Amino acid sequence: MAPPMSASAFLRALRAEGLTVVEVGDWRDHNRNHKGPWGPVHGVMIHHTVTKGSKATVDICRKGYSGLPGPLCHGVITKDGRVHLVGYGRANHAGLGDDDVLRAVIAERKTFPPDNEANTDGNRHFYGFECENLGDGKDPWPAAQLEAIEKAAAAVCRHHGWNEQSVIGHLEWQPGKVDPRGFTMASMRKRIRDRLK
């Protein structure tokens, strides 16, 4: 259990991990905190966007869309490996997920239980990175983008003293979700583990 790091600490952590960070508008104060608390935080959640084009992807993740106001994450990782910061605080990215999965993340267990319930507010407890990809299993994941996902997750874990088991995909949290599609979370956690060493 940890309080969220400050926006400035978040930015420093990402840059210290070697990432190229783009600050978008008033990202430090753009959030959904009026809908409920953000924190304590327990992990990092990875998503794909089902969008094409970096500019449009960043825009929709910042503003949201009808029925789901933005920000839809904290950082958008585009195909070129840049991290675009679009919000900080509570964000509409995780939704309701499984309390058993949350307990497994907190305990940093090597395996996660099936996500068969939607009874826990994930927006409160996870940092979220949306990754530009159509999510069809065919759209490629460039090496620069996969490396940026690895670095961004590792940066947050390093700050909080978490290991790679604090990083999950949306598909491991919420029933019916498939993201990220195109690489496995097991392979990404291995990369994060190696980086944290």
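**Overall fold and local features of the predicted chain**

Among contacts in the protein chain (heavy atoms within 4.5 Å) between residues at least 6 apart in sequence, 72% link residues that are at least 24 apart. The structure is a predicted model, in which local features need pLDDT of at least 70 and side-chain atom pairs count only at pLDDT 80 or more, while totals for chains, interfaces and linings use all residues. Residues are numbered from 1 along each chain as its sequence is written, and side-chain values use heavy atoms, with hydrogens and water left out.

Along its principal axes, the C-alpha trace spans about 35 × 35 × 35 Å.

Next comes the surface. Of the 197 residues in the protein chain, 55% are buried, where buried means under 20% relative accessible area, exposed means over 50%, and partly exposed lies in between (1.4 Å probe, protein chains only). The accessible surface of the protein chain comes to about 8,400 Å², and 52% of this belongs to carbon and sulfur atoms. These areas come from the Shrake-Rupley method with a 1.4 Å probe; for residues, only the protein chains shown count as cover. As for charge, the protein chain has 27 positive and 23 negative side chains, and the centres of the two sets lie 3 Å apart. In this count Lys and Arg are positive and Asp and Glu are negative, whereas His and the chain ends are not counted; each charge is placed at NZ of Lys, CZ of Arg, CG of Asp or CD of Glu.

In S2, 6 of the 6 residues are buried, so the strand is largely enclosed by the rest of the structure. Both of its faces are covered: Gly43, Met45 and His47 are buried on one side, and Val44, Ile46 and His48 are buried on the other.

Just after H1, Gly18 takes a positive phi of about 95°.

The backbone has some further points to look out for. Most residues other than glycine have a negative phi, and most peptide bonds are trans. Val50, in the loop between S2 and helix H2 (54-63), has a positive phi of about 60° although it is not a glycine. At 53% relative accessibility, Val50 counts as exposed. Glu108, in the loop between helix H3 (99-107) and strand S8 (120-121), likewise has a positive phi, near 50°; at 23% relative accessibility, Glu108 counts as partly exposed. A cis peptide bond joins Gly70 and Pro71, with omega about 0°, and Pro71 sits in the loop between strand S4 (68-69) and strand S5 (75-77). Another cis peptide bond joins Asp179 and Pro180, also with omega about 0°; Pro180 belongs to the loop between S10 and helix H6.

Two more residues complete the tour. Gly53, in the loop between S2 and H2, is partly exposed, with a relative accessible area of 29%. Gly53 and Thr78 are 25 residues apart in sequence and 8.5 Å apart in space, C-alpha to C-alpha. Lys197 lies in the segment after helix H6 (185-196) and is exposed, with a relative accessible area of 75%. Between Lys197 and Asn163, the separation is 34 residues in sequence and 9.7 Å in space, C-alpha to C-alpha.

Key: Helix = DSSP H or I, 4+ residues; strand = E, 2+ residues; numbered from the N terminus.
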